[in-house]
Amino acid sequence: MEEGSLWHQWSMFRSLLSILQWWGFNVTVIIMNKWIFQKLDFKFPLSVSCVHFICSSIGAYIVIKVLKIKPLIVVDPEDRWRRIFPMSFVFCINIVLGNISLRYIPVSFMQTIKSFTPATTVVLQWLVWRKYFEWRIWASLVPIVGGILLTSITELSFNVFGFCAALFGCLATSTKTILAESLLHGYKFDSINTVYYMAPFATMILGLPAFLLEGNGILNWFEAHPSPWSALIIIFSSGVLAFCLNFSIFYVIHSTTAVTFNVAGNLKVAVAVLVSWMIFKNPISPMNAVGCGITLVGCTFYGYVRHMLSQQQPGTPRTPRNPRNKMELIPLVNDKLESKV
């Protein structure tokens, strides 16, 4: 009994530690990116994203090939172009839109809009794939949509371009999640192997546009900035931390349950909002804070409902009716991986 109690305490400590380090890396990357755009005046989101992809490619290679911490999931060469490349393209768009939105809107607003992803995922699957969802799923989306609307209406630093970038980023995240169910069928990817295969493709996709669209601006910034080399160290450090974030996701997924991961993910957004407000002092109205809170509560409730439905065995009575076919029994997305991106 004593050994069992010690093991339980160690498991709880390990879960808590994994969540804290995940929060730390996630919030640090977000704050550093905002600092790069706002304080360093490096207003080149394509190049920042490209630096992240390069650092992630190198980091994943070291972890898998050199240190051999994680075994490589072998993918056929044909599947790399037929399956991985389309996923990498959407993955690239998702990261770029997130960085573009950070340039124009506060972290608090951007993080709240990203919480809209469950709603866009459900709507896309319903419209495009004609997938059936129980009324409880639709009901759980109401506070998310309501909270987003309240936050957007009361946002004191509202920017249309930044808002649209964040919103389309949600669509890109949902598209990537949905495509993963079909394109990556048969491959059990973890976050490290995902980065190992997708980051090089994303670098290849984004490298030329970043050079053509932002190359001259970066040269002018380099000449005008009082200390460009120290600024470049911060920029590349954000890329290293972006890879560490993927490694921390791998750790937290294997150390927590799906429900814990969902709740921790929503609390992480609250932490990011609080820390960003303390650093950048962006104005937040009381109603704006209420809208953010409603959104996070809605996301937590949605995750709980989705998890409970995924645990139901085939043949279990459903409300208001039984599924029409076997496809309706498939969970919306992987219970623990949807929130990581």
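Helices α3 and α7 are roughly antiparallel to each other in this predicted model. The angle at which helix α3 (residues 77-104) and helix α7 (residues 160-183) pack is about 160°, and angles over 145 degrees count as roughly antiparallel. The axes of α3 and α7 are 8 Å apart. The crossing in which α3 passes α7 is left-handed. In the contact of α3 with α7 there are 16 nonpolar residues, together with six polar and three charged ones.

A second helix pair was examined in the same terms. Two packed helices are described by the angle between their axes and by the distance between the axes. For helix α6 (residues 135-154) and helix α11 (residues 286-311), the axes cross at roughly 160° and come within 7 Å. This angle makes α6 roughly antiparallel to α11. The crossing of α6 past α11 is left-handed. The contact of α6 with α11 is made up of 15 nonpolar, eight polar and two charged residues.

These pairs belong to a protein chain whose secondary structure consists of eleven helices and zero strands. Along the sequence, the pattern of the protein chain is therefore written with α elements, as α-α-α-α-α-α-α-α-α-α-α. The protein chain has 341 residues, of which 51% count as buried.

Helix α4 (residues 107-114) has eight residues, and seven of them are buried, so α4 is largely enclosed by the rest of the structure. The buried residues of α4 are Val107, Ser108, Phe109, Met110, Gln111, Thr112 and Ile113. A residue counts as buried when its relative accessible area is under 20%.

The second largest pocket has a volume of about 260 Å³. Its lining comprises 13 residues, and those closest to the centre of the pocket are Phe42, Ser47, Val51, Ile218 and Phe236. Two or more lining residues come from each of α2 (45-66), α8 (191-224) and α9 (228-253). The largest contribution to the lining of the second largest pocket is that of α8, which gives six residues. By class, ten residues of this lining are nonpolar and three are polar, while no charged residues are present.

Aspartate 41 is a residue other than glycine with a positive phi, near 60°. Aspartate 41 is placed in the loop between α1 (2-38) and α2. The relative accessibility of aspartate 41 is 43%, and the residue therefore counts as partly exposed. Lysine 68, which is not a glycine either, has a positive phi of about 55°. The loop between α2 and α3 holds lysine 68. Lysine 68 counts as exposed because its relative accessibility is 61%, and the cut-off for exposed residues is over 50%.

Notes. Residues numbered from 1 in each chain as written. Predicted model: local features only at pLDDT ≥ 70, side-chain atom pairs only at ≥ 80, totals over all residues. Heavy atoms only, no water. Axes fitted to C-alpha atoms, helices over the stretch in contact; angles between N-to-C directions. Helix = DSSP H or I, 4+ residues; strand = E, 2+ residues; numbered from the N terminus. Parallel < 35°, antiparallel > 145°, perpendicular 65-115°, else oblique. Left-handed = near helix turned anticlockwise from the far one by under 90°. Nonpolar A, V, L, I, M, F, W, Y, C, P; charged D, E, K, R; others polar. 1 Å grid on protein atoms, 1.4 Å probe; cavity = no way out; pocket = protein on both sides within 12 Å on 5 of 7 lines; lining within 4 Å. Points joined across faces, edges and corners; volume = space filled by probe spheres on them. Buried < 20%, exposed > 50% of the residue type's maximum accessible area, 1.4 Å probe, protein only.
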